[in-house]
Amino acid sequence: MRRRPPDFRRPARRRLSNAFWWTLCFVSVLLFVFVLCKGSRIESRPVLTRMSYRNERIVEGLNVTEEMLNPSSIVRQLSDQISLAKAFVVISKESSNLQFAWELSAQIRNSQILLSNAATRRAPLRITEAETAIRDMALLLYQAQQLHYDSATMIMKLKAKIQTLDEKMSSISDKSSKYGQIAAEEVPKSLYCLGVRLTTERFRNLNLQRKLNEKKQIDTKLNNNDLYHFCVFSDNILATSVVVNSTALNSKNPERVVFHLVTDEVNYAAMKAWFSMNSFRRVTVDVQKFEDFSWLNASYVPVLKQLQDSDTQNYYFSGSGGDGHTPIKFRNPKYLSMLNHLRFYIPEVFPALKKVVFLDDDIVVQRDISGLFRINLNGNVNGAVETCMETFHRYHKYLNYSHPLIREHFDPDACGWAFGMNVFDLVEWRKRNVTGIYHYWQENNVDRTLWKLGTLPPGLLTFYGLTEPLDPSWHVLGLGYTNIDPRLIEKGAVLHFNGNSKPWLKIGIEKYKPLWEKYVDYTHPLLQSCNFH
């Protein structure tokens with residue numbers, strides 16, 4: 001018998017081999033899937049057990065019943081209806097639909113009674129007793145939707161309500177700022193009365209006139225650099241008196257203390273009379289008026305030229321600045337007073353002095369501060385307490401850093417400091433021409449683009465790199481607008497009532513007023529006649 005050629009036998013053997021291998025692969029895949037599924041079922045059982053255990057713990061921790069967990073729970077259905085109905089009650093009242101709000105409220109009470117009765121008897125709520133309440137509530141909720149009390153309408157109404165409340169709040173805030181500013185700027189009748197009576201006394205009392213003419217002994221002390229020289233620039237007689245009196249009463253050597261007071265022509269006679277007729281423990285007090293300073297003119301003082309400018313006056317008084325409405329806090333007459341800017345001309349005011357402590361008229365001295373004159377300023381001009389801690393600010397809070405002049409010359413995170421109690425080395429001041437630096441920045445701020453208001457921003461620019469930080473206990477700030485830690489007040493040498501709530505005003509913070517009032521002699525005849533109390 002003849003054999004077949006090889007090419008006919010080989011394909012049959014190849015087909016048999018392929019079928020075997022495909023079958024083997026298929027069986028292997030089935031075994032793998034079977035093992036995998038079995039392992040997954042085995043591993044999933046503990047997870048289910050853990051989840052079940054966790055749910056049981058949650059149910060135990062909360063006041064949850066089996067009925068509430070039931071998908072068809074009547075209690076949960078009633079509770080959901082009550083929650084939705086309460087929202088619709090509020091919306092219907094806002095829409096002045098009081099009748100519908102009353103119907104919803106009545107149905108809410110009925111549903112709540114059903115839930116309360118079921119909880120009292122500790123039995124599930126039956127569908128037969130809740131069916132009527134559920135249906136009636138559903139009809140009311142459907143009616144609410146027909147009245148367009150849907151979610152979209154609710155959201156729109158709430159947005160409108162929020163916008164209205166924001167506008168009201170903004171209006172109230174503006175009014176509050178305005179009235180607070182007016183109250184802060186107000187000159188109390190008692191202070192006005194005191195000024196008038198003192199001026200009258202100044203020209204009527206011959207003995208007082210004789211005292212005013214006796215200057216020889218005073219003049220020798222005014223230029224003696226071995227004494228402690230303090231300066232105050234103010235038109236407030238009583239506030240200045242408190243500064244002098246508190247310093248004198250707490251001084252260890254009051255006879256070495258010299259006060260240089262500068263006021264305006266309106267208050268000069270009254271200020272002069274008050275400090276001539278009252279004694280402050282042998283403290284020397286000299287009173288001047290800035291109108292007598294021949295060097296104080298618009299050609300030398302750029303700020304004086306700006307203050308005489310009509311645009312500047314409109315900005316501060318009428319509120320019609322070039323960039324629109326002027327903020328109320330900028331519209332304060334004190335920013336137009338030369339007394340507020342005179343602190344930058346202390347070397348010119350006192351040409352013979354070498355060191356001076358500058359004090360604001362809204363401070364109180366609590367202990368001897370002659371130690372300020374022994375502090376080494378390390379070649380700096382200004383000794384001041386820094387205010388960049390806690391809620392106080394750094395340079396970027398006071399200056400406009402979008403302006404290239406500010407951005408290029410000053411670190412925005414530089415620590416600010418406070419006016420109100422400053423030690424000035426007048427020798428270094430003159431050597432470094434600090435007043436010239438002040439003039440430079442003031443001339444570049446004609447359009448108020450570097451800073452908006454006040455004397456602190458130009459002070460920060462003028463004394464940048466020339467300020468020596470002092471111990472914070474020398475000068476405690478904030479008693480005119482915020483709460484201060486009592487421990488800081490107790491340790492403070494100088495307490496500063498900076499802010500609108502001055503202690504001599506009705507809007508002063510009551511708990512801090514006694515710190516100031518204890519240096520006022522309310523038994524003085526002139527104070528009694530002007531109703532100071």
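Trainee: Which residues are linked with Glu428 in a network of salt bridges?

Mentor: This model is predicted. In it, Glu428, Lys431 and Arg432 are joined in a network of salt bridges. The structure as a whole holds 10 salt bridges.

Trainee: How many residues apart in the chain are Glu255 and Arg282, and what links their side chains?

Mentor: A salt bridge is read from the distance between a side-chain nitrogen of Lys or Arg and a carboxyl oxygen of Asp or Glu, which must be within 4 Å. The side chains of Glu255 and Arg282 meet in such a contact, at 3.6 Å from N to O. This pair links distant parts of the chain, 27 residues apart: Glu255 belongs to the loop between α10 and β2, and Arg282 to the loop between α11 and β3. Glu255 counts as partly exposed because its relative accessibility is 28%, whereas Arg282, at 60%, is exposed.

Trainee: Which residue forms a salt bridge with Glu265, and is that partner, Lys289, buried or exposed?

Mentor: Glu265 forms a salt bridge with Lys289, and their closest N and O atoms are 3.7 Å apart. Glu265 lies in helix α11 and Lys289 in strand β3, so the pair ties together parts that are 24 residues apart in sequence. To judge accessibility, recall that a residue is buried under 20% relative accessible area and exposed over 50%. Lys289 is buried, with a relative accessible area of 15%, while Glu265 is partly exposed, with a value of 47%.

Trainee: Where in the chain are Asp362 and Lys502, and are they buried or exposed?

Mentor: Asp362 is in the loop between β6 (355-359) and β7, and Lys502 is in the loop between β12 and α21 (513-517). The pair links distant parts of the chain, 140 residues apart. Asp362 and Lys502 form a salt bridge in which the closest N and O atoms are 2.5 Å apart, and both residues are buried.

Trainee: Let us turn to the strands. Which residues of β2 point one way, and which the other way?

Mentor: In a regular strand, side chains alternate between the two faces of the sheet. In β2, Val257, Phe259, Leu261 and Thr263 point one way, and Val258, His260 and Val262 the other way. All of these residues are buried.

Trainee: Why is strand β2 described as largely enclosed by the rest of the structure?

Mentor: Strand β2 spans residues 257-263, and seven of its seven residues are buried, so the strand is largely enclosed by the rest of the structure.

Trainee: In what sense do β1 and β2 pair, and what is the bridge partner of Val232 in β2?

Mentor: Strand β1 (residues 228-233) pairs with β2 in the parallel sense, over six bridges. The bridge partner of Val232 in β2 is Leu261. From β1 the chain crosses through helix α10 (residues 237-250) to β2, and this β-α-β crossover is right-handed.

Trainee: What is the sense of pairing between β2 and β3?

Mentor: β2 and strand β3 (residues 284-289) pair in the parallel sense over six bridges. Within this pairing, Val258 stands opposite Thr284 in β3. Together with helix α11 (residues 265-277), β2 and β3 make a right-handed β-α-β unit.

Trainee: Which residues make the nonpolar surface patch of about 330 Å²?

Mentor: That patch is made by Val187, Tyr192 and Val196. Tyr192 has its place in helix α7 (residues 189-204) and counts as exposed, because its relative accessibility is 60%.

Trainee: Finally, the backbone. Which residue has a positive phi of about 55° although it is not a glycine?

Mentor: That residue is Asn378, which lies in the loop between β7 and β8 (382-384). Arg448 also has a positive value, with phi near 60° in a residue other than glycine. Arg448 lies in the loop between α18 (434-443) and α19 (456-462), and this arginine is buried, with a relative accessible area of 16%.

Conventions:
Residues are numbered from 1 along each chain as its sequence is written. This is a predicted model: local features need pLDDT of at least 70, side-chain atom pairs count only at pLDDT 80 or more; totals for chains, interfaces and linings use all residues. Side-chain values use heavy atoms; hydrogens and water are left out. Buried means under 20% relative accessible area, exposed over 50%, partly exposed in between (1.4 Å probe, protein chains only). Helices (H or I, at least four residues) and strands (E, at least two) are DSSP runs, numbered from the N terminus. Two strands pair if DSSP finds at least two bridges between them. A crossover is right-handed if, with the strands pointing away from the viewer, the path from the first strand over the helix to the second runs clockwise. Patches are made of residues with over 30% relative accessible area and no salt bridge: like charges are joined within 9 Å, nonpolar side chains (Val, Leu, Ile, Met, Phe, Trp, Tyr) within 5 Å. Accessible areas come from the Shrake-Rupley method with a 1.4 Å probe; for residues, only the protein chains shown count as cover.
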